[in-house]
Amino acid sequence: MLIGEVARRSGVSARMLRHYESLGLVRPSGRTGSGYREYSGEDVRRIFHIESLRAMGLSLREIGRALDDPGFTPADLVDDLIHRTRERIAAETELLIRLDRVHATDPAGWEDVLQVLALLRALGSTSAGTRQRAALASVDEVPVEALAQAALGEGDPYVAGALRWALSRSGGGAVLLAEGLGSPVAAVRERAVRALAEMPGREAATLLRDALVSPDAVVRGRAALTLGARGEAAAIPVLVDMIVAGSNDTDAADALSVLAGDDAAADRIASLLVGRIGDGTTGQPARGRLTQALAGIPGATASRALADLVGDADRAVALTAAYLLRLRGDG
């Protein structure tokens, strides 16, 4: 076949075929009487091999080595290609995210674009002060998604506080924070729930309710304390668990006292506390904390429970119950 026919069949231009020949990648098997290049079936197959390897991302030099070196093993080269491709995808993904964030601010001119880019760079700065100043910039100037991502990765407590404040003002970023709740990294999960706890709105509240069943005790506890302070009864079981576990138990007891605002709620909470006190699996320190928590629960159920506990076999529990009864005027 002449070069024109090979070009039509292979999809490789005649110019590129000549370039391959100049590099020694393909050598036509012969020449016609007029001196035209003549390619054999084997030559055409080699051209298709070259194109396949180019599609994998190999350079022409690497292709020549792969095709001509009998001792060539492709494993290392393929590993390197995978690494390079992942790096390229990561770079392109980062660029796409940056472009999306600039677009989200609806810039009116190039000055606005440059301002957003400067703030995005500042959020990624190694200087905590620079990151904090970027977080405290106008909400309209910093894309909400960038704030949420920065909040999930921020280790400095002062910068983290500024980022949470900025997110609470923006009213957005809940989707990214929800992804953070499912992160395999415990610190990221905690940052996500702390940020949601400071955000107003229905969406953040819904995510906090979902977090009450999180397998992460820290996430459950932070969500319960926030919802409890807002008067949401769904937090009660988790708050009782926190008292048993001794995890922020004082704050949990305070939240329960807030939730015990009517007789029905007070009786329910008191019954849950008493049930855990009487559970044979609850240890002595936890029984003491549960007894102390009854102090903030009004109503007859809590009073009767304390009266019963005065005769408890555990002297510390009995003394605590007697003291609390006196404070309530029931002893």
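Student: Thr301 sits in helix H18 (residues 300-309). What makes a stretch a helix here?

Tutor: Helices are DSSP runs of H or I with at least four residues, numbered from the N terminus. A word on the background: this is a predicted model, where local features need pLDDT of at least 70, side-chain atom pairs count only at pLDDT 80 or more, and totals for chains, interfaces and linings use all residues. Residues are numbered from 1 along each chain as its sequence is written, and side-chain values use heavy atoms, with hydrogens and water left out.

Student: Why is Thr301 called buried?

Tutor: Its relative accessible area is 15%, and buried means under 20% (exposed is over 50%, partly exposed in between, with a 1.4 Å probe and protein chains only). So Thr301 counts as buried.

Student: Which residues does Thr301 touch?

Tutor: Leaving aside residues up to four places away in sequence, Thr301 touches Asp267, Ala270 and Ser271; contact means heavy atoms within 4.5 Å.

Student: How do you know how H11 runs relative to H13?

Tutor: The axes of H11 (residues 186-197) and H13 (residues 217-229) come within 9 Å and cross at roughly 10°. Angles under 35 degrees count as roughly parallel, over 145 as roughly antiparallel, 65 to 115 as roughly perpendicular and the rest as oblique. H11 is therefore roughly parallel to H13.

Student: Which residues of H11 meet H13?

Tutor: Arg189, Glu190, Val193, Arg194 and Ala197 in H11 meet Val218, Val219, Arg222, Ala223 and Thr226 in H13.

Key
Axes are lines fitted to C-alpha atoms, for helices over the stretch in contact, and angles run from 0 to 180 degrees between N-to-C directions. Helices (H or I, at least four residues) and strands (E, at least two) are DSSP runs, numbered from the N terminus.
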